[in-house]
Amino acid sequence: MTPASQPTVLRGRVVTFRGNPFEGNPSDALLVEEDGVVVMENGLITHVGDWTALRASLPDNATIVNYGDALISAGFIDTHVHYPQLPMIASWGAQLLEWLDRYVFPVEATFADPVVAQAVARRFLTELLGSGTTTAAVYCTVHPQSVDAFFAEAERLGARMIAGKVLMDRNAPDTLRDTVRTGYDDSAALIARWHGRDRLLYAVTPRFAITSTPEQLEAAGQLLRDHDGLFMQTHLAENTGEIAEVARLFPNRSSYLDVYDHAGLVGRRSIFGHAIHVGEREFCRCHESDASLAHCPTSNLFLGSGLFRLFDALDARRPVRVGLGTDVGAGTSLSQLRTMGEAYKVAQLTGRSLHPAQALWLATAGAARSLHMEDRIGTIAPGMEADLCVLDPHAFPLLSDRCDRCESIEELLFVLMTLGDNRCILATWVSGRCVAGV
Ligand code: XAN
């Protein structure tokens, strides 16, 4: 979709970041325009500021949308999610490995049918945008047609999306296995078709160490070396049973992360989901290689996987890039508000308090940093891509009453992330066009 060429002005309470809330006082990192405007043209933000100051200089032909006291934020960014798992979200009674066998693999097998893939891709993107999320790093299935379906739908909507075909050549049902050769060739063809087209980017996606042979992981590393600007996404140290199995399958590697490192998969634009059971050595390696971690709190609580040590990951002596992930279908919601709320609870369980500005940062500017895309998305500033979401503090009576009692923007953000959900998403804008809500 081509971006809207006519200027559009959104008026409301603009909330974004001037700095990193994990460095210094979190409140000082927030940039707030109480009666603010965001001007968008040709898919980009051109001006941000105070309504009274900018009003006289607004273009004559601009469409003005007044959101009153609703919050205008950068669109949310989901750094780890599986679109094919939407149909089996909320499947109960098992931890990771059994849950994959019992629920995930049977659903993913249905994506051999492109009609299924297209229908789920459409529903997923509708839900995602309705949650205020404008960019996501998305796992498809082993079938190339699942990637075609996802990117075609994302292109139709004009959304900035990262996705890739799952690589899986062992320890999975026959119907879901590729080979070293077909995995490489299918991925290369998808990269040629989609990577860098419109706003779409490709991620080489070995599911995790258990489902790829060493040769397939090597081939994934080769794909990264053969093409510029690709992402790499996989899972790391989510569950203790999984970690024991990886140690059994790769006896010569010094750690789970070393399995990936040995194959050339640890570097800039590598996104590791979960990383719950890792130590100082892994954090240091991610820091020095500029790799990122996706913190998926609703999933980690749902599967009983463990508690991600966010503040250890972000330790100022060797901070690792971290973004939030919903991880649907293990995650229980596509809503980043819900995910921020659960990240707060996970931090509480590790003895730390997550400030609401820090939570919002992990879902926007910090997530953009974790994708190395902070020059394009994640904050509201001139020159940035015009991807925004609008949060309604009066979406339902309980929320509205509580928000009316808030005395600061931080408190309001905290109440929204604790009580809020998709009902609060008044509108989502992608490339300067309203794609959900009004
Ligand atoms: N490890 C995984 N963890 C998860 O939460 N979801 C998955 O689909 C998956 N595959 C490997």
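This is a predicted model: local features need pLDDT of at least 70, side-chain atom pairs count only at pLDDT 80 or more; totals for chains, interfaces and linings use all residues.

Colleague: Where does UniProt place the domain feature, and what is it called?
Modeller: The UniProt record, an unreviewed entry, puts "domain: Amidohydrolase-related" at residues 72-435.

Colleague: How much helix and strand is there over residues 72-435?
Modeller: That stretch is 43% helix and 17% strand. Its end C-alpha atoms are 15 Å apart.

Colleague: On to rings. How many aromatic pairs are there?
Modeller: The count is 11 aromatic pairs. Take Y83 and F111 as one of them. Their ring centres are 5.7 Å apart and their planes sit at 80°, so this pair is edge-to-face.

Colleague: Why does 80° make it edge-to-face?
Modeller: Because planes over 60 degrees apart count as edge-to-face, and this pair is at 80°.

Colleague: Where do Y83 and F111 sit in the chain?
Modeller: Both are in loops. Y83 is in the loop between β5 (76-82) and α3 (96-109). F111 is in the loop between α3 and α4 (114-130).

Colleague: Which aromatic cluster does Y83 belong to?
Modeller: Y83 and F111 share one cluster with F124, F150, F151 and W194.

Colleague: Which charged residues lie over a ring face?
Modeller: R352 lies over the face of F311, 4.2 Å from the ring centre. R423 lies over the face of F396, at 3.8 Å from that ring's centre.

Colleague: Switching to salt bridges. How many turn up?
Modeller: Searching the whole structure gives 28 salt bridges. In one of them, the side chains of D178 and K165 meet at 2.7 Å, N to O.

Colleague: Which parts of the chain does that pair link?
Modeller: It links distant parts, 13 residues apart. D178 is in the loop between β8 (166-167) and α6 (180-194). K165 is in the loop between β7 (160-164) and β8. D178 and K165 are both buried.

Colleague: What about R177? Which residue does R177 bridge to?
Modeller: R177 pairs with D174, with the closest N and O atoms 2.9 Å apart. R177 is partly exposed, at 37% relative accessibility. D174 is exposed, at 62%.

Colleague: Why is R177 called partly exposed, but D174 exposed?
Modeller: The cut-offs decide. Exposed means over 50%, and buried means under 20%. R177 has 37%, so R177 falls in between. D174 has 62%, so D174 counts as exposed.

Colleague: Which residues form a salt-bridge network?
Modeller: R160, R199, E385 and D387 are linked that way.

Colleague: Now the surface. Which residues make up the nonpolar patch?
Modeller: L301, L307 and L349 form the patch. Together they have about 250 Å² of accessible area. L349 is in helix α13 (residues 336-349) and is exposed, at 58%.

Colleague: And α14? Buried or exposed?
Modeller: 8 of the 8 residues of α14 (residues 356-363) are buried, so that helix is largely enclosed by the rest of the structure. Among them are P356, W361 and A363.

Colleague: How far apart are I276 and F308?
Modeller: They are 32 residues apart in sequence, but 4.6 Å apart in space, C-alpha to C-alpha. I276 is in the loop between β11 (270-274) and α10 (280-289). I276 is buried, at 4% relative accessibility.

Methods
Residues are numbered from 1 along each chain as its sequence is written. Side-chain values use heavy atoms; hydrogens and water are left out. Rings of Phe, Tyr and Trp (its six-membered ring) pair if their centres lie within 6.5 Å; planes under 30 degrees apart count as stacked, over 60 as edge-to-face and the rest as tilted. Helices (H or I, at least four residues) and strands (E, at least two) are DSSP runs, numbered from the N terminus. A charge sits over a ring if NZ of Lys or CZ of Arg is within 6 Å of the ring centre and within 35 degrees of the ring normal. Patches are made of residues with over 30% relative accessible area and no salt bridge: like charges are joined within 9 Å, nonpolar side chains (Val, Leu, Ile, Met, Phe, Trp, Tyr) within 5 Å. Accessible areas come from the Shrake-Rupley method with a 1.4 Å probe; for residues, only the protein chains shown count as cover. A salt bridge is a side-chain nitrogen of Lys or Arg within 4 Å of a carboxyl oxygen of Asp or Glu. Buried means under 20% relative accessible area, exposed over 50%, partly exposed in between (1.4 Å probe, protein chains only). UniProt positions are given in the numbering used here, feature names are shortened, and annotations may be inferred rather than shown by experiment.
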